Amino acid sequence: MKKLLYCTLTLLMFLSQAQAQEKKIFNETDQQKEKRLGWWINDRFGMFIHWGLYALPARHEWVKHNERITDSAYQKYFDNFNPDLYDPREWARMAKAAGMKYAVITTKHHEGFCLFDSEYTDYKATKTGAKKDLIKEWVDAFRAEGLKVGFYYSLIDWHHPDFTIDRVHPQRPNDPKDYEKLNKGRDMAKYRTYLHNQVRELMTKYGKIDILWADFSYPGDHGKNHDDWNSMDLIKMIRKLQPGILINDRMDLGEYEDGGDFVTPEQYKVAEWPTRNGKKVHWETCQTFSGSWGYYRDETSWKDNKQLLVLLIETVSKGGNLLLNVGPTSRGLFDSRAQDRLNGMGEWMKVNGRSIYGCTQAPEGIQRPENTLLTYNPETKRLYVHLLDYPLQRFELPGLKGKVKYAQFLHDGSEIKMHGTDKGDLALDMPVRKPDAEIPVIELVLQ
Ligand code: GLC
């Protein structure tokens, strides 16, 4: 018996050491990390903005890749870029009204065009009809509305002459043998310096930055990995210059536990809260209204308001954040389809935001009734039942008899009468008429 106990203890110690030995870059405790990420975990809902020269062709931000466009053929978009209606205060107000609490904008996307006034290139907004640093104004406007600000920065650059041609480059060859010939004279070391210099500018010239969203790595044949970016030095520099910043997970530093602050499932719904070595990790899903990130005039695959709300609620019900994208037009406006979606979400969030902010997955053991999504606020001990399909009069919550102090609709704070059943469930008397909310929410104050 003693021997068994001893063996078990040694095994447990070994296991906990193995866990503790996950490789780390920084010496920050879990507690310190939770504190650094606190605002973001609470806020749950942010706006992604993809804006660049690709708003002119208006057929996907990857148009240069998709159509294998050369630099000289792409030049007309630079020459004609003139966002005369750009008013970032308007954008910030719309983001805020939609219930979003933070925003992340493309300072440079894969095409290489910089919306900010970088001293390391002329391929930037100040040299176009815009004639100004679009990022500077953006930061000021979003800050003024009380939103947190984040920078997306593309590690990839399809315009820089030293960025080597790889398998996603617009000038990729059909025959792999041609890579060498095509890359003669291109020097990734020089591009790396450019990349680090630009990130340093972004981290020093715009005040406090809350998020750095680097994009992206694609290791393997004719791909790019952490060595190409020198991700280790990059992440250290970013954290040094902006100690409070949050960084996503796309620099290919996945072998380190802290090589990114959160994982970024893109354009799909996760089946459950993502984990690493069995431990739940922070996550943010980034999603579009219609498929592409940049403004796409002829795209018809727009999600409707209910789909978008379900996306948001479901994300929070699994402990995650939603970064929802807008692709402004080349004139600098959110088009009517985007405005319509933002308004729809804002209308709902105005009265139901309490089931999103500060909320997370419901405690284990609470059963989810059919056609509902549950979220939970651990501080206020309130459980939120989102009714995706409005029930008929009697609505039962399994096992909750005696566990709920009070029940009400969230949108109007009106009482819902309740009583326990013989089976130990909680039965709610619902009005026959569905309230005027896209997805009505029941707020349960737990004992
Ligand atoms: C992808 C795409 C890109 C987009 C990004 C957003 O990696 O390359 O166009 O900016 O996802 O997550």
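Which backbone oxygen lies 2.8 Å from a polar atom of the side chain of Ser292? I'll answer that in a moment.

First, the ground rules. This is a predicted model: local features need pLDDT of at least 70, side-chain atom pairs count only at pLDDT 80 or more, and totals for chains, interfaces and linings use all residues. Residues are numbered from 1 along each chain as its sequence is written, and side-chain values use heavy atoms, with hydrogens and water left out.

Now the answer. The oxygen belongs to the backbone of Gly294. Ser292 itself sits in the loop between strand 8 (284–287) and helix 11 (305–317). Helices (H or I, at least four residues) and strands (E, at least two) are DSSP runs, numbered from the N terminus. Ser292 is buried, at 4% relative accessible area. Buried means under 20%, with a 1.4 Å probe and protein chains only. Set aside neighbours within four places in sequence, and Ser292 is in contact (heavy atoms within 4.5 Å) with His60, Glu61, Glu299 and Asn325.

Glu61 takes us to the ligand. An N or O atom in the Glu61 side chain is 2.6 Å from a ligand oxygen. For Glu266, a polar side-chain atom lies 2.8 Å from an oxygen of the ligand. For Tyr152, the corresponding value is 3.2 Å. The protein covers 94% of the 310 Å² of accessible area that the ligand has on its own. That area comes from Shrake-Rupley with a 1.4 Å probe.

Who else is there? 14 residues surround the ligand, and the closest are His50, Glu61, His109, His110 and Glu266. Here the cut-off is a heavy atom within 4 Å.

Terms used. Polar contact = N/O pair within 3.5 Å; in protein donor to acceptor, adjacent residues only side chain to side chain. Buried < 20%, exposed > 50% of the residue type's maximum accessible area, 1.4 Å probe, protein only.
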